[in-house]
Amino acid sequence: MDKFSLSSYRVNPKKFALKQIKPDDKSARSGDKAEDAAILAQLTEAINERQDILHAQAEHKVLLILQGMDTSGKDGTVKQVFSACDPLGIRLASFKAPSEDELAHDYLWRVHAQVPRKGELVIFNRSHYEDVLIVKVHDWIDEAEAERRYQQINDFERMLSESGTTIIKCFLHISKEEQQERLQERLDDPTKHWKFNPKDLDERALWDKYMQAYERALQETSTDYAPWHVIPADSKTNRNLLISRILLQALEGLPLAYPEKPKAWNKLVIKD
């Protein structure tokens, strides 16, 4: 793949299969660690500059959705891609198992409450897609309900798009072998013990079913207004470079500009 052809990673629902994109693909990397670090620094700084204008202008809304298996690097992506950003105007929403109150509402209720307001860039660490992934893998919903939810999600995201939200969806695609290494590292490294959850092993045992569920969800919900990108994520550097480029491209596509100074302010003088 051409490392600069971001469209290569975009899901075309008419001819998409997850096997088309290899988790260990490193096409976004230059092959030189120092050069990659310099490129990432330039990208994160450019994201910061555009996000600063986004916040000041307070007209546009941006939603970045990060989905992936355990250890795929959702937290690491947030830490690295937004390392140069002022936290003002950026918000992270993490979706864990729903609470009793959330379960008493429709599954999109808690998600809608977290979408960006004007001038905000919001990152979803996991999202409403859990409600067509884990629930499908464990057979908590049947095929008919899954079909309804795919359509409901498309309608929900179309509404967000039509009301001014730019939606970027990234599936962090790691291999089962890479996940094994990362889970073992969490066990071996005292600074990462807190990240380990024995329940992750139960989900790992369902790997093939998860891959089928992800493939289906990506096929059913990659749209012109809310496209999916599959991010090869065995390499953390490759992952960060690709997501940074995709996000920056989206920000550069918005008509961003700092607000003009009101004419009345021209007569103001700050005195001692």
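Me: Which helices each supply at least two residues of the lining of the largest pocket?

Reply: This is a predicted model. In general, rolling a probe the size of a water molecule over the atoms shows where empty space is left. Here, at least two lining residues come from each of helix H2 (74-81), helix H5 (134-137), helix H7 (176-188), helix H8 (199-204), helix H9 (207-221) and helix H10 (236-252). H2 gives the largest share, 5 residues.

Me: What is the volume of the largest pocket, and which residues are the closest to its centre?

Reply: The volume is about 1400 Å³. The lining has 43 residues, and Asp70, Lys74, Lys96, Arg126 and Arg186 are the closest to the centre.

Me: How do the residues of that lining divide into nonpolar, polar and charged?

Reply: Count by class: 20 are charged, 12 nonpolar and 11 polar.

Me: How much space lies in the second largest pocket, and which residues are the closest to its centre?

Reply: The second largest pocket holds about 340 Å³. Its lining has 17 residues, with Arg10, Thr166, Ile167, Pro227 and Ala250 the closest to the centre. Two elements give two or more residues to this lining, strand S4 (165-173) and H10. The largest share, 4 residues, is from S4. By class, the lining of the second largest pocket has 8 nonpolar, 7 polar and 2 charged residues.

Me: Now the core. Which residues of the largest nonpolar core touch the most other members?

Reply: Phe82, Phe124 and Leu247 do, in a core of 73 residues. H10 supplies the largest share of this core, 8 residues.

Me: What is Leu247 in contact with, leaving aside its neighbours within four places in sequence?

Reply: Leu247 contacts Ile47, Val62, Val81, Phe82, Leu121 and Ile168.

Me: Let us turn to loops. Is His60 buried or exposed?

Reply: Read the relative accessible area against the cut-off; buried means under 20%. His60 counts as buried because its relative accessibility is 15%. His60 sits in the loop between helix H1 (33-57) and strand S1 (61-68). Not counting residues up to four places away in sequence, His60 touches Leu54, Arg117, Lys118, Gly119, Glu120, Gly164, Leu254, Pro255 and Leu256.

Me: How far apart are His60 and His112?

Reply: They are 52 residues apart in sequence and 17 Å apart in space, C-alpha to C-alpha.

Me: Where does Ser175 lie, and what does Ser175 touch?

Reply: Ser175 lies in the loop between S4 and H7. Its relative accessible area is 13%, so Ser175 is buried. Beyond residues up to four places away in sequence, Ser175 touches Pro23, Trp207 and Asp234.

Me: Where do Ala58 and Asp139 lie?

Reply: Ala58 is in the loop between H1 and S1. Asp139 is in the loop between H5 and helix H6 (143-162).

Note on methods: Residues are numbered from 1 along each chain as its sequence is written. This is a predicted model: local features need pLDDT of at least 70, side-chain atom pairs count only at pLDDT 80 or more; totals for chains, interfaces and linings use all residues. Side-chain values use heavy atoms; hydrogens and water are left out. On a 1 Å grid over the protein atoms alone, a cavity is a set of points where a 1.4 Å probe fits but cannot get out, and a pocket is an open set with protein on both sides within 12 Å along at least five of seven lines; lining residues have an atom within 4 Å of a point. Grid points are joined across faces, edges and corners, and a volume is the space filled by probe spheres set on the points. Ala, Val, Leu, Ile, Met, Phe, Trp, Tyr, Cys and Pro count as nonpolar, Asp, Glu, Lys and Arg as charged, and the others, Gly among them, as polar. Buried means under 20% relative accessible area, exposed over 50%, partly exposed in between (1.4 Å probe, protein chains only). Contact means heavy atoms within 4.5 Å. A nonpolar core is a set of buried Ala, Val, Leu, Ile, Met, Phe, Trp, Tyr and Cys residues joined through side-chain atoms within 4.5 Å.
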